[in-house]
Amino acid sequence: MVGLEWRKWVRGRRLWACLLILVALMIGCLEMERRQQAAATDWQVRQVDKRLAQAQRMAKSADPTARRLGKQDLANQKQIRRRIATGDAAGVLAATWRSFQGGTKGDKLPAVAPIADTMVTMLHAGEAEAMRAQLVYLRQHNVAPILPLAIPTNPDTATTNNLDAYDQQFFAHTRQYHPDAWTQVWQWASVGGLLVALAVLNLFLGDALAEERHGRVDHVRWLRLQNVSWRRLVLTKFAFHFVASLALVAAAFGLFLIYAAVRSGLGDLRYPVQTWVAGKAVTPHWAWSTARDDANFFLPLQIQIAPLARYLGRYAGLVVAVLAANSALAMLVNRFLPSRIAGLMIGVVAPLLFFVLPTSKFSPWTYLNGDWVASNYLAHVLGTSATVWPYVLGGIIAVAALALLGALVPVKGRRVA
Amino acid sequence: MTEISLYQMSFAYRHHPVYEKASLTLTQPGVYGLVGPNGSGKSTLFDLLCGLLRPQTGTITLDGAAPSAGVVFNTIAYGQDAGVLYPRLSGADHLRFVAKQHGRDAAAIAAVSAQLDLAAFVAQPVGSLSMGQKQRVAIALALLPQTPVLLLDEPLNGLDPDSVIIIRKLLVGLQDSGRIVLVSSHNLAELEKVTNHYLFKVGTALQEEVVTTAAEARYEELFHRAATE
């Protein structure tokens, strides 16, 4: 049976096309991110240019004080512009860190060059603390930041900060960018890449079991006469579907890694990622209108910075579990709907519902948000302080097991018409 | 010696009776022609013998045992319609699979391929073969296991003359193979060249007969005159 199934998969399925699509999507995502990062850098340079013009005007002022301050500002802005334009990440980090080194209430407020200083005062206290934690982490671990330096804002806290939550330009130019290999996986987790991958896989593999009973053809009866029971058939199909899914994703990722390594580098697995853990209440370092003690917006959770490797490890576990569940569900759907078209359509549409269904603790798709699971933000969504990752994985594996059991219910098979 | 036995066997599709208290015992090796009008239940009999369908009442036994999956696997080879073949796999792929399942070696594959003259196309995908070529591959898959009972369902349907000749020679050879071979067919002229031992599906019963006259004449007697009466 294994040999027969192997030949069917190798000769009958366009696995190369599936691999090509996955690789194209991964590379396309990287290129799009690099382009957006370049646009964000250009935007920041334009903001600095505006301030340079202002500083130049002040430097020529008749007022000696204004002239002095203008010359100081001119020198600062030129330095900032050079750092951003040349991608001097260490320089930007050093400058920003100096500003964040203060920290007792009433001291000079921190700024993130080249965004307007007052931008930071618009942040929720918890976000400012997360920003500080991120900078501390970068310095302590000697990790080069990805430019533009990200300001870790959260739509949840939009009601308490002074940022215009609908200011797309601001979020576009201060969000975390993912311009290299490992950070791209981080991005895929954040934008639902896993669900897109499932849709692509199911487009090619979604009828794996239905093909045995599709239309006028019923191979099941013939296989039964060759001592291949329904149970053996389903388990063999499931194994091939799961292994093929893993192999395709792994192969696509391997090819992507080679491309990304040459194009922009693999990146640093120590890069700081926001995660949510149960912990002590946050004590804000600065006092401004939004930097109130409701820094603890996510209580009993708080933002904790963790290395990218830990985040990716959890995401990888989720990916494997979801692929297993996808294979089992494909068997279940094919068992009860022996139509290849139905199997393929359901396999493609179901994962993509993730992008249209609202968030709800009763919606299974909520638990497939890779970023929420890996960062434990899902705990905040569910209103718990627990680390939910193991429970989500356990739940997905349980679904896989149940789906496979359902698929093992024997069919009678039809005679060829 | 293998025994196929039906005792008071009844089977119906959704209240439409196909067999009612049908009884039959076959022990003598040889080729038997299974004959009846279209839709009368010939393929249904094969399914019942293979355990793919279960009778509502009565018993079916193979060497005294119920047709469980294991008993059927060791006792019966069922040559079904070529539609069971996988279009993207070759005849050779199918033969290797069946050989492995039944513990047969490459020499057995070669012998069966030679019997049915498959060499010219056995390595090609089944989807690219003609109807006659596919049918020969399907029959080869049934010959390979060398089971005591061989069921061939309409093996002569829609075949080119070359294929008909090959299969006829095969069936003649099977007369002395020591196996019980049931061949369902509408092609009475060809069946006559192979055997005179028939199972006629008359109404909901099975009639075993040795026909010394023309099979077509007997068919007419049984089915057309019965209709007019």
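**Notes on the interface and a hairpin**

1. Let's start where the chains meet. Together, chain B and chain A bury about 2300 Å², and carbon and sulfur atoms account for 56% of it. Three residues stand out here: Tyr86(B), Arg88(B) and Phe97(B) supply 29% of the area that chain B buries against chain A, more than any other three residues. Do keep in mind that this is a predicted model.

2. Next, count the residues that take part. On one side, 27 residues of chain B are in contact with 22 residues of chain A.

3. Now for the charged and polar pairs. The rule finds 3 salt bridges across the interface of chain B and chain A. You can look up one between Arg221(A) and Asp47(B), where the closest N and O atoms are 2.8 Å apart. Polar contacts between chain B and chain A come to 7 residue pairs, with both residues at pLDDT 80 or more.

4. Which helices of chain B each supply at least two residues of the side that touches chain A? They are H1 (42-49), H2 (69-75) and H3 (91-102). H3(B) gives the largest share of that side, 7 residues. Sorted by class, the side of chain B that touches chain A has 14 nonpolar, 8 polar and 5 charged residues.

5. Finally, turn to a hairpin in chain B. Strands S8 (residues 197-202) and S9 (residues 205-210) of chain B run antiparallel and are joined by 6 bridges. Within this pairing, Leu199(B) stands opposite Glu208(B) in S9(B). The hairpin of S8(B) and S9(B) has 2 residues between the strands, and Gly203(B) takes a positive phi near 60° in it.

How values were computed
Residues numbered from 1 in each chain as written. Chains lettered and ligands numbered in written order. Predicted model: local features only at pLDDT ≥ 70, side-chain atom pairs only at ≥ 80, totals over all residues. Heavy atoms only, no water. Contact = heavy atoms within 4.5 Å. Buried area = accessible area lost by both parts, 1.4 Å probe. Salt bridge = Lys/Arg side-chain N within 4 Å of Asp/Glu carboxyl O. Polar contact = N/O pair within 3.5 Å; in protein donor to acceptor, adjacent residues only side chain to side chain. Helix = DSSP H or I, 4+ residues; strand = E, 2+ residues; numbered from the N terminus. Nonpolar A, V, L, I, M, F, W, Y, C, P; charged D, E, K, R; others polar. Pairing = 2+ DSSP bridges.
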